[in-house]
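Thanks for asking me to look over this model.

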Amino acid sequence: MLDKRPEADRILVAQLTGEARHHAKWRELTEDEHTAAVGALRELAAGRADLLAEVAGILEGTSEGEMDEPLTRQAAMLCRKAGADPAAIPAWIQEGRRRRASAKSPPFSGGLHGG
């Protein structure tokens with residue numbers, strides 16, 4: 001699937017994903033850590049609630065049932081707290097599930113070749 005969004009949006013989604021994952025820990029964040037993480041995401045997003053929602057939803061949808069689900073859910077929650085658009089998240093969760101299922105599919109072999 002070709003992503004027709006501006007390159008700047010795709011880059012910002014990647015940066016937000018990295019920032020959220022960077023702040024997520026295998027434990028509950030301290031109040032200071034939580035405040036710093038949410039502040040960093042808000043600053044980076046610069047009001048783009050739609051992109052925060054995309055990151056939160058993709059993280060949640062791709063991590064369901066995976067070993068890193070608690071860590072990834074914490075990263076997604078940081079995006080939510082930073083101002084992700086709550087109405088947009090469910091569609092992105094579905095997209096994350098679709099991507100996870102697609103990644104687990106065997107590669108396309110090219111089909112049968114006549115002989």
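1. A word on terms before the details: contact here means that heavy atoms lie within 4.5 Å. Please keep in mind that this is a predicted model.

2. Let me begin with α2 and α4. In this pair, H34, A37, V38, L41 and R42 of α2 are in contact with L78, C79 and K81 of α4. By class, the residues of this contact are 5 nonpolar, 1 polar and 2 charged. Helix α2 covers residues 31-45 and helix α4 residues 69-81, and their axes come within 9 Å, crossing at roughly 65°. The crossing of α2 with α4 is right-handed.

3. How do α1 and α2 run relative to each other, roughly parallel or roughly antiparallel? Their axes come within 10 Å and cross at roughly 175°. Angles over 145 degrees count as roughly antiparallel, and α1 and α2 are therefore roughly antiparallel to each other. On the α1 side the contact is made by L12, Q15, L16, E19, A20 and H23, and on the α2 side by A37, A40, L41, L44 and A45. This contact of α1 with α2 has 8 nonpolar, 2 polar and 1 charged residues.

4. Next come α3 and α5. Helix α3 (residues 49-63) packs against helix α5 (residues 89-104) at an angle of about 45°, and the axes are 7 Å apart. That angle makes α3 oblique to α5. The two helices cross in a right-handed sense. From α3, the contact takes in A53, E54, A56, G57, I58, E60, G61 and T62, while α5 brings I89, W92, I93, E95, G96, R97, R99 and R100. The residues of the contact of α3 with α5 divide into 6 nonpolar, 4 polar and 6 charged.

5. Now for the interior. In soluble globular proteins, nonpolar side chains tend to be buried together. The largest nonpolar core in this model has 25 residues, and those touching the most other members are L16, L41, L52, V55, L78, C79 and I89. Two or more residues of this core come from each of α1 (7-23), α2, α3, α4 and α5. Which helix gives the most to this core? The answer is α3, with 6 residues.

6. Finally, V55 deserves a look of its own. Leaving aside residues up to four places away in sequence, V55 touches V13, L16, T17 and C79. Among these partners, L16 and C79 are also listed with V55 as core residues that touch the most other members.

How values were computed:
Residues numbered from 1 in each chain as written. Predicted model: local features only at pLDDT ≥ 70, side-chain atom pairs only at ≥ 80, totals over all residues. Heavy atoms only, no water. Axes fitted to C-alpha atoms, helices over the stretch in contact; angles between N-to-C directions. Helix = DSSP H or I, 4+ residues; strand = E, 2+ residues; numbered from the N terminus. Left-handed = near helix turned anticlockwise from the far one by under 90°. Nonpolar A, V, L, I, M, F, W, Y, C, P; charged D, E, K, R; others polar. Parallel < 35°, antiparallel > 145°, perpendicular 65-115°, else oblique. Core = buried A, V, L, I, M, F, W, Y, C linked by side-chain atoms within 4.5 Å. Buried < 20%, exposed > 50% of the residue type's maximum accessible area, 1.4 Å probe, protein only.
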